[in-house]
Amino acid sequence: MSLAERVMELGKRLFIIEDADGAGPLNFDSSPGLYIHIPFCPDFCSFCPYNKIKYDAELTDRYLNALKRESDLEKIEHFSSIYIGGGTPSYDLYLLEEVVSHFRGMTNGEIALEIHPADVSSERLDEIRETGVNFVSLGIQSFDDYTLNSMGRKRQDSGVSLSSIAETTSAGFDFVDVDLIFDYQLDQKRIVEDLKTALSYGPEQISVYPMMRFADTAFKNTKNDPEKELEILEELENVALTHGYVRDSLWTFKKKDEKRKYSSVSREFFVGIGSSASSFNGKVFRTNTFSLDEYFLFLDSGKLPVRKTIKMGKFSAILYYSFWALYSGRLDLDSVQEHFGRLPLRMRYLLHSATARGYLEREEDIIKPTRIGTRKLHIVEEWLTYSFIDRIWSDLRSKARNHSVSSESLL
């Protein structure tokens with residue numbers, strides 16, 4: 001059994017998904033990141049696996065009040081950062097202004113926002129920046145019309161892609177990330193050209209994701225090819241290097257001397273509010289209901305809207321934490337010890353084995369993946385996504401169809 005297979009086998013045994021019927025607040029030893037999910041979308045893109053609801057202006061005030069109640073129930077007064085995702089959180093600027101206005105005094109870190117290219121204009125970007133948002137991720141996905149059409153991208157064509165990146169990178173935000181997606185089944189030259197185009201505008205970071213084949217998307221009956229995706233990512237790494245960008249995490253490239261990063265999945269500890277949001281405090285990973293009706297009902301009854309949990313012991317929590325740290329490019333053993341105490345023997349053996357096989361390299365208390373280690377991380381990441389995240393989301397989405405605000409509002 002390979003080391004990657006051993007880690008996946010451990011994951012199957014250790015990470016048990018359990019149903020929940022609401023929950024109390026999570027305890028954090030330090031200020032967590034805050035994720036706020038805005039589920040509303042004017043149109044649904046066929047590749048998107050995230051929880052989304054057809055935009056309804058009448059629901060937004062109720063949802064805003066629910067977010068505030070959920071935050072109050074969590075009883076956390078300060079967050080290390082704020083990340084607003086969706087859905088399409090850039091669509092309704094009034095809702096965005098109200099959300100940021102309520103929460104911005106709770107952090108001295110970045111306030112990050114996902115932006116759809118169709119929502120970009122110089123005037124709207126000024127309004128977004130004036131709310132206090134200073135980090136943005138522009139969901140370009142592609143500059144190529146054929147690729148955009150193949151993934152069912154709505155409200156966007158190549159012209160929108162080009163104009164939006166030009167506007168966003170010159171709008172004065174502290175940090176701009178550009179999101180690209182590639183499908184290994186398409187011509188590899190398309191994603192290379194997409195990356196070169198994005199690089200030419202000089203954003204602080206570019207994230208390049210392989211198309212994931214989630215259930216409940218148009219791609220559910222197709223499969224990933226990790227080896228082909230790895231070949232593409234390694235070619236993209238070479239292209240990025242020639243433009244002064246380095247591979248910072250599994251799927252991100254940022255300017256060589258840039259110390260900051262835009263990250264939605266590799267924060268250490270975080271609390272999520274809103275329908276479908278997830279939280280992790282180092283002991284429990286949990287996910288909220290996808291149903292907006294049920295979300296409101298939970299909060300009206302004074303309970304947090306949690307529907308799925310994975311409870312972790314010390315070893316499983318360290319394994320989970322270490323994976324995402326290595327995904328981000330580095331594992332700091334001092335931080336692990338600070339959060340969890342002395343490394344268990346099994347974890348020390350795993351890290352030693354991975355280092356001995358050339359997957360990891362260690363310099364004092366910092367461990368980083370090698371190129372071959374990065375390839376193994378990619379394989380484990382896709383397994384993790386389908387074995388846990390997709391399972392949780394599929395089940396919660398199915399249950400939500402029985403509680404949806406209207407029979408056509410939930411995908």
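1. Two strands pair if DSSP finds at least two bridges between them. Strands β5 and β6 (residues 111-115) meet that rule, with three bridges joining them. They run parallel.

2. How does the chain get from β5 to β6? The path goes through helix α3 (residues 93-103). This β-α-β crossover is right-handed.

3. Keep in mind that this is a predicted model. The protein chain averages a pLDDT of 94. At least 70 is the score of 97% of the residues. Residues 405-411 need care: the pLDDT there is below 50. Beyond near neighbours in sequence, that stretch has 20 contacts in the model.

4. Strand β5 has another partner. Six bridges join β2 (residues 33-38) to β5, and these two strands run parallel. Here leucine 34 stands opposite isoleucine 82.

5. Is β5 buried or exposed? Six of the six residues of β5 (residues 81-86) are buried, so the strand is largely enclosed by the rest of the structure. In a regular strand the side chains alternate between the two faces of the sheet. In β5, Ser81, Tyr83 and Gly85 point one way. Ile82, Ile84 and Gly86 point the other way. All of these are buried.

6. Now turn to glutamine 185. This residue lies in the loop between β8 (175-182) and α7 (188-200). Its side chain makes a polar contact of 3.2 Å with the side chain of arginine 213. Glutamate 123 is 62 residues from glutamine 185 along the chain, and their C-alpha atoms are separated by 38 Å.

Technical notes:
Residues numbered from 1 in each chain as written. Predicted model: local features only at pLDDT ≥ 70, side-chain atom pairs only at ≥ 80, totals over all residues. Heavy atoms only, no water. pLDDT = per-residue confidence, 0-100. Contact = heavy atoms within 4.5 Å. Helix = DSSP H or I, 4+ residues; strand = E, 2+ residues; numbered from the N terminus. Polar contact = N/O pair within 3.5 Å; in protein donor to acceptor, adjacent residues only side chain to side chain. Buried < 20%, exposed > 50% of the residue type's maximum accessible area, 1.4 Å probe, protein only. Right-handed = clockwise from strand over helix to strand, strands pointing away.
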